[in-house]
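Please read the points below with the structure open.

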Amino acid sequence: MVDNKLVLLFGMPRSGTTWIGKLLDSSQHTYYLHEPDSAQPKNNIPLIAKNHDAPLLEQSVREWLASKDEKVIASRPFFRKSYMSFLDHQIFLTSSYLTKLSLKVGFPGLSPIRHQQQPQLTVWKSIESLGRMPLIQKLTNADSIHLLRHPCGHIASTLRGESSKKFSGTIPIYDDLPLFELLLKQGDCDLFDINDIKNMSDIERLAVRWGIVNDSALQADYGDGVAITLKYEDVCGAPLKKIQGVYEKLAIPFEQQTQNFIEYSTSKNSDSYYDTQKDPMISANKWQTQLTESQQQSIKNVVSQFDVAKYYADDF
């Protein structure tokens, strides 16, 4: 395994990135960063970045990788690490829980204390920067995992989050027309214009978003880096086999701690929106009962116009 290597685990929101991220975090050799680009957003950088955005993005990447934000470096569950002593690990656990408690009761100011040696591999999990991933990979020489989820699964989960007010935006994602104007322009998408978007249903708009952003990530040239396109549904169908395969490609030793977490995280089904402990096949296929056949067909009609649709051509 190459020392100080970076792995990008990027995907659309509601695509299983948190679970897959924790499966990678469960290795004792990895240092896991949970969405530093969401904790410290950079609105001056396009969501779909091009080569001319490199100077701005390079500075931001340095800041994101150096983040010590509690949400970034202390996302639960916690795992033992080979590059932290027993005492350092205990200090980190105690300070992390105290920080979480202080934030919960409205007394910010504490932060996790994390003393560690140089980790062998850093995993950066993002739902914000999938459209920036090709340029980030070029700037960092990172390996990458592009996590895909069936568009119906992604959209059904997004609609559930919107209806239960899980997202922080002031308007639903599908009503954010300026966002769609940016995506059409930044993604060089000539399949639709903004008037087409205005005439679409909520579900069709979310399908356009899924197609543009995923296509932008797929069209990258990753050079000599390891580039994995991973379907969430494939991991759900065979978690141990698929994650062992990912570990092998990334040259990470597969150990008991990760196997234990796979067994734990798939042992029962929590209905909590952000929980990582779920029956994977229930999660993967829930959309089949949440969306009507007409809705599913509308999604298929939109996404079939994008290159990324080839991964799900037979899955509607």
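Predicted model: local features only at pLDDT ≥ 70, side-chain atom pairs only at ≥ 80, totals over all residues.

**Confidence**
- Within the protein chain, strand β2 (residues 30–34) has the highest confidence, at 98.
- Confidence is lowest in helix α14 (residues 280–285), where the mean is 87.

**Backbone details**
- Most peptide bonds are trans, and most residues other than glycine have a negative phi.
- N141, although not a glycine, has a positive phi of about 55 degrees; N141 has its place in the loop between α6 and β4 (143–148).
- D188 is not a glycine either, yet has a positive phi of about 50 degrees.
- The loop between α8 and α9 holds D188.
- D188 counts as exposed because its relative accessibility is 57%, and the cut-off for exposed is over 50%.

**Nonpolar cores**
- The largest nonpolar core has 47 residues. Those with the most contacts inside this core are L8, L57, W124, F192, I197, I212 and I299.
- At least two residues of this core come from each of β1 (5–11), α3 (54–65), α6 (133–140), α7 (151–163), α8 (177–186), α9 (194–198), α10 (202–218) and α16 (293–303).
- Helix α10 supplies the largest share of the core, eight residues.
- I299 touches P151, C152, I155, I203, A207, L291 and F316, with residues up to four places away in sequence not counted.
- There is also a second, separate core of 25 residues, and L23, L24, Y32 and Y247 are among them.

**Helix α1**
- Eight of the nine residues of α1 are buried, which leaves the helix mostly covered.
- The buried residues in α1 are T17, W19, I20, G21, K22, L23, L24 and D25.
- Two of these buried residues, L23 and L24, are included in the second core.

**The cavity**
- Rolling a probe the size of a water molecule over the atoms shows where empty space is left.
- How many cavities of 30 Å³ or more are there? The count comes to one.
- The largest cavity has a volume of about 100 Å³.
- Its lining consists of 13 residues, and D25, I73, F78, F92 and R114 lie nearest the centre of the cavity.
- Two or more lining residues come from each of α1 (17–25), α4 (70–73) and α5 (86–104).
- By residue class, the lining of the largest cavity has seven nonpolar, two polar and four charged residues.
- D25, one of the residues nearest the cavity centre, is also one of the buried residues of α1.

**A charged residue in a strand**
- D143 is in contact with K5, L6, V7, L8, G225, V226 and L250, leaving aside neighbours within four places in sequence.
- L8, one of these contacts of D143, is among the residues with the most contacts inside the largest nonpolar core.

Technical notes: Residues numbered from 1 in each chain as written. Heavy atoms only, no water. 1 Å grid on protein atoms, 1.4 Å probe; cavity = no way out; pocket = protein on both sides within 12 Å on 5 of 7 lines; lining within 4 Å. Points joined across faces, edges and corners; volume = space filled by probe spheres on them. Helix = DSSP H or I, 4+ residues; strand = E, 2+ residues; numbered from the N terminus. Nonpolar A, V, L, I, M, F, W, Y, C, P; charged D, E, K, R; others polar. Core = buried A, V, L, I, M, F, W, Y, C linked by side-chain atoms within 4.5 Å. Buried < 20%, exposed > 50% of the residue type's maximum accessible area, 1.4 Å probe, protein only. Contact = heavy atoms within 4.5 Å. pLDDT = per-residue confidence, 0-100.
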